[in-house]
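Please report on the metal site and the helix packing in this model. Keep it brief, and give the cut-offs.

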Amino acid sequence: MIVVMKPGATQEQITRVSDRIEDLGFKVHLSAGEEHTILGVIGNGRPVERDQIELMEGVDRTVSIQRPFKLAGRDFHPQDTVFPIDGVTIGGQQLLVMAGPCAVETHDQLLAAAAAVKGAGGHVLRGGAFKPRTSPYSFQGLGEEGLRLLALAREKTGLPIVTEVVSPDLVPLVSAYADILQIGARNMQNFALLHAVGESKRPVLLKRGMMSTIEELLMSAEYILSHGNERVILCERGIRTFEKYTRNTLDISAVPLLKQLSHLPVIVDPSHATGKWELVGPVARAAIAAGADGLIIEVHPQPEEALSDGIQSLKPERFAALMDELRPIASAVGRTL
Ligand code: PEP
Ligand code: MN
């Protein structure tokens with residue numbers, strides 16, 4: 001349930017209602033909008049004594065919320081979530097592009113990729129240090145050495161870094177280096193990991209599981225939010241279908257749908273969604289046109305030598321050309337890049 005306060009309700013009235021709800025044994029989530037203040041009531045499905053609340057001064061009405069995601073949903077929090085990450089902003093008018101190699105491989109590879117991302121106008125450097133690979137025989141990442149190289153690339157370029165964390169015990173280590181913690185598709189429902197990043201102080205990039213519904217993605221975001229971390233970015237990265245020509249099938253409708261259901265920023269990963277570098281540009285353009293708040297794109301200085309995902313990685317000059325192609329599309333949908 002949500003409690004909608006009257007326009008002009010006083011702080012004292014809001015506090016009284018909030019205290020009353022807590023006295024009844026529920027948690028309160030407060031959202032102060034321009035006109036109305038909304039109090040979200042969280043209580044494990046138990047009914048709330050609505051009449052008691054509706055009779056209180058300053059209360060306009062109560063509305064019951066059927067959706068299982070409360071904190072991630074728009075009912076509790078109608079306005080878009082916008083937050084800064086090291087000088088850049090996500091969720092607002094400005095689009096945010098994260099780019100870099102699938103995995104951190106060497107010092108020279110990462111620094112070349114970072115320079116390319118920076119030079120083309122990218123905002124955040126991506127790169128995996130801990131790689132959740134389908135095969136145990138594939139390159140698993142450099143681990144902490146990879147994190148150190150990412151920190152060095154940040155020092156040289158000023159770009160904040162996003163990197164994946166694959167288990168709860170690694171959250172403190174990865175948080176010590178990364179500006180954004182990435183939860184990969186394979187871990188979207190690793191609830192212990194969601195709990196751990198929920199308690200961390202870093203923004204979280206939550207990727208949709210390859211066989212997860214929109215509601216499951218939002219419930220995973222709910223785990224993070226309910227543990228106190230409000231800075232969550234959702235990422236559509238393609239889902240598994242019968243189609244074989246692409247690695248996954250991009251669910252483009254997920255973008256406007258997530259924006260409708262949730263206040264959280266939504267980005268698209270055209271690299272993992274398609275698995276083919278030739279498709280990355282068209283799909284990235286579609287994502288921006290559909291209302292995404294940003295992109296995460298794999299860029300490698302020498303894709304033919306990449307230890308993972310070379311086939312879907314853009315060369316630096318292709319990435320730069322794509323950034324130029326995206327600018328007029330961004331402006332056509334009222335955004336800037
Ligand atoms: C990645 O971004 O490198 C990655 C492994 O992506 P996903 O979790 O979406 O497969
Ligand atoms: Mn990859």
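## Manganese site

Cys102 (SG), His272 (NE2), Glu298 (OE) and Asp309 (OD) coordinate the manganese ion (ligand 2), at 2.0 to 2.4 Å. Donors are N, O and S atoms within 2.8 Å of the metal (3.2 Å for Na, K and Ca); water is not among the atoms, so sites may look incomplete. Along the chain, the donors of this ion have the spacing C-x169-H-x25-E-x10-D.

Cys102 sits in the loop between β7 (96-100) and α3, and Asp309 in the loop between β14 (294-298) and α11 (316-332), so the pair ties together parts that are 207 residues apart in sequence. Helices (H or I, at least four residues) and strands (E, at least two) are DSSP runs, numbered from the N terminus.

Cys102 is buried, at 3% relative accessible area. Asp309 is buried too, at 18%. Buried means under 20% (1.4 Å probe, protein chains only), exposed over 50%, and partly exposed in between.

## Helix packing

The axes of α3 (residues 107-120) and α4 (residues 144-157) come within 10 Å and cross at roughly 40°. On the α3 side, contact (heavy atoms within 4.5 Å) involves residues including His107, Leu110 and Lys118. On the α4 side, Leu149, Ala153 and Thr157 are among them.

## Basis

The model is predicted: local features need pLDDT of at least 70, side-chain atom pairs count only at pLDDT 80 or more, and totals for chains, interfaces and linings use all residues. Residues are numbered from 1 along each chain as its sequence is written, chains are lettered from A and ligands numbered from 1 in the order written, and side-chain values use heavy atoms, leaving out hydrogens and water.

Methods
Axes are lines fitted to C-alpha atoms, for helices over the stretch in contact, and angles run from 0 to 180 degrees between N-to-C directions.
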